[in-house]
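Subject: Handing over a structure

Dear colleague,

Here is the structure that I promised to pass on to you.

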Amino acid sequence: MHPARSVILFTTASGAGYGLLAWLGLLAALDLLPAWRWLGVAAFVLGLGLVVAGLLASTFHLGHPERAWRALSQWRSSWLSREGVAAVVTFLPVGVFAFSWVVVGQNSGAAALVGLLASLCSLATVICTAMIYASLRTIRAWASRWTLPGYIVLTALSGGVLLLALLRLWDLPLASGFGWAVLALLALAAAVKLLYWRDIAAERSGSTAESATGLGEHGRVRLLEAPHSESNYLMQEMGFRIARKHAARLRRLVLLLGFLAPFLLIALGQALPGIPALLAALASLPLVGFGLVVERWLFFAEAKHVVTLYYGESRA
Amino acid sequence: MTSLPRDPGPVKLGLVIDLDICVGCHACAVNCKEWNTSGHSAPLTDSDPYGAEPSGVWFNRVHTFEVVSEDGDSRTVHFPKSCLHCEAAPCVTVCPTGASYKREEDGIVLVNAEACIGCKLCSWACPYGAREYDADAGVMKKCTLCVDKIYNENLDPRSRVPACVSTCPAGARHFGDLGDSDSEVSLLVAARGGYELMPEQGCQPVNRYLPPRPKQPAGDGGAAALQPAAADAAPPGLLARWVDRMLSR
């Protein structure tokens, strides 16, 4: 599949934003976060900023962005519509929670309940995003059972490293404990991505050039002549191919720079609290961000659509 | 409403394509383009049509496959492909706006260009590549089964079939109601073992393909296989034996 820049930006940026909002709501509900105004301002500006930037980026790839509101209507059947509804609904509890924290100075009690609701809504939005991909039978890689866990874990991770940086910035006691949680998430993220890559490499009975043409009874099917001499929309959108050696190199980049390097930095921060820990948390941000963008690019580039069977592929 | 019709009617209009007859002339694709560029989903935009990288929207494309059997015999199969107007159309259910819909009365799958936001998700959901994005109009387009032709009372009744069907010079394309088991197309499918494409994708396409007929065996009026000329054995015939002797010196 063609890795469109807008969709990569959307899923990574809004994923990180929803992750941060989800952590804020959850930890406030557990009464672990002080209702300090500037901590709230920083966290909500960051979280909502990433979410809004991502949602705006997602409309860039639309043919008619001005009609985007129509996408809220078909939640009964469409995961994309559900994602839109969930994204809009999430703004409500997040808005109330942010107001209560930043303006009223209250994030426990009733505010914590709203925070928990904001947390659940954020998670629901990310699940809808993942299901847009996971529900497509035409793309075997995306239909993998590891697609949904991947999106959830990477959201928790990217929101988690953002929150850790904030906790270190304000030098909150929670930082140390949360640091361990982020370390666990980094290990979990690497494990889930490795499982995903192993899953999509497995030769399972998918569709073939024989089933696509129904000519398998007569023998092996091979494209002899394409329908036209030039490229077309289907080939550009669905026929993106990446060389295996490039994919392998990019996967290593994700694992080493996106997961291992931040793991070492944050582990170091656990041992050296104070300024070194803050610097380690800040340095891990661009690394995780870079890792996620490459991971998301690969998620598209490595996914093969069954329509390619009509354009020369033998198995998809 | 992009949910599939809850009570789909009995009528399932569709195409039956005879792969034994199709000669791969592309007339169906060309006439489709010609009719539809001024039809329901007009225009079928081309970009850079006379330039170095022409590209454009087509509802029907003819692929050509080579099928090689286990004994090394091969045949060429021309394979026209357009929307199969699936009963469980995934392109319809993924649509977030309700622009994609399946008609209750005849099962035709259409796009309402006024409501389409151009998110392209339907084209990702379709295993058959039936949907093509018009970047110029910013909306998705697809085969309409010539909905503006098959019901057109200004046309002669014989012409009220999709453009690809009326233009086929070989008679390889048939149009009719595949929901009616006594219709001509249904009888044809039953007689020739018509099949659906990629049933494993679970879309329940309406269109059917008729398989190429088996080749006639050699010696039975069919094409005889080449017999290798004997390299060493003495040829029959006086002249041939003399030539063989002269050349063998």
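**Helix 6 of chain A**

The buried residues of helix 6 of chain A are Ala175(A), Phe178(A), Gly179(A), Val182(A), Leu185(A), Leu186(A), Ala189(A), Ala190(A), Val192(A), Lys193(A), Tyr196(A) and Ile200(A); a residue is called buried if 20 or more other C-beta atoms lie within 10 Å of its own, exposed if 12 or fewer, and partly exposed in between, with C-beta atoms placed from the backbone. Helices (H or I, at least four residues) and strands (E, at least two) are DSSP runs, numbered from the N terminus.

Please bear in mind that this is a predicted model, in which local features need pLDDT of at least 70 and side-chain atom pairs count only at pLDDT 80 or more, while totals for chains, interfaces and linings use all residues. Residues are numbered from 1 along each chain as its sequence is written, and chains are lettered from A and ligands numbered from 1 in the order in which they are written.

Helix 6 of chain A, residues 174-201, has 28 residues and reaches 40 Å from its first C-alpha to its last, close to the 40 Å expected at 1.5 Å a residue, where the expected span is 1.5 Å times one less than the number of residues. Its buried residues are covered by elements that include helix 5 (147-169), helix 9 (244-271) and helix 10 (275-301) of chain A. Contact here is counted when the C-beta atoms of two residues, placed from the backbone, lie within 7 Å.

**The core**

The largest nonpolar core has 164 residues, of which Leu20(A), Leu157(A), Leu164(A) and Ala189(A) touch the most other members; such a core is a set of buried Ala, Val, Leu, Ile, Met, Phe, Trp, Tyr and Cys residues joined through C-beta atoms within 7 Å. Helix 1 (residues 5-29) of chain A gives the most to this core, with 13 residues. Leaving aside residues up to four places away in sequence, Leu20(A) touches Ala43(A), Leu46(A), Gly47(A), Gly159(A), Leu162(A) and Leu163(A).

**Where the two chains meet**

The contact takes 53 residues from chain B and 44 residues from chain A. On the side of chain B that touches chain A, two or more residues come from each of strand 4 (61-68), strand 5 (74-81), helix 3 (121-125) and strand 8 (131-134) of chain B, and the largest share, 8 residues, comes from strand 4 of chain B. By class, that side of chain B has 28 nonpolar, 16 polar and 9 charged residues, where Ala, Val, Leu, Ile, Met, Phe, Trp, Tyr, Cys and Pro count as nonpolar, Asp, Glu, Lys and Arg as charged, and the others, Gly among them, as polar.

**Backbone details in chain B**

Most residues other than glycine have a negative phi, and most peptide bonds are trans. The peptide bond from Ala42(B) to Pro43(B), however, is cis, with omega near -10°, and Pro43(B) is found in the loop between helix 1 (27-36) and strand 2 (46-47) of chain B. Lys120(B), although not a glycine, has a positive phi of about 70°; it lies in the loop between strand 7 (109-111) and helix 3 of chain B, and Lys120(B) is buried, with 21 other C-beta atoms within 10 Å. Met198(B), also not a glycine, has a positive phi of about 45° and is found in the loop between helix 6 (184-192) and strand 11 (208-210) of chain B.

With best wishes
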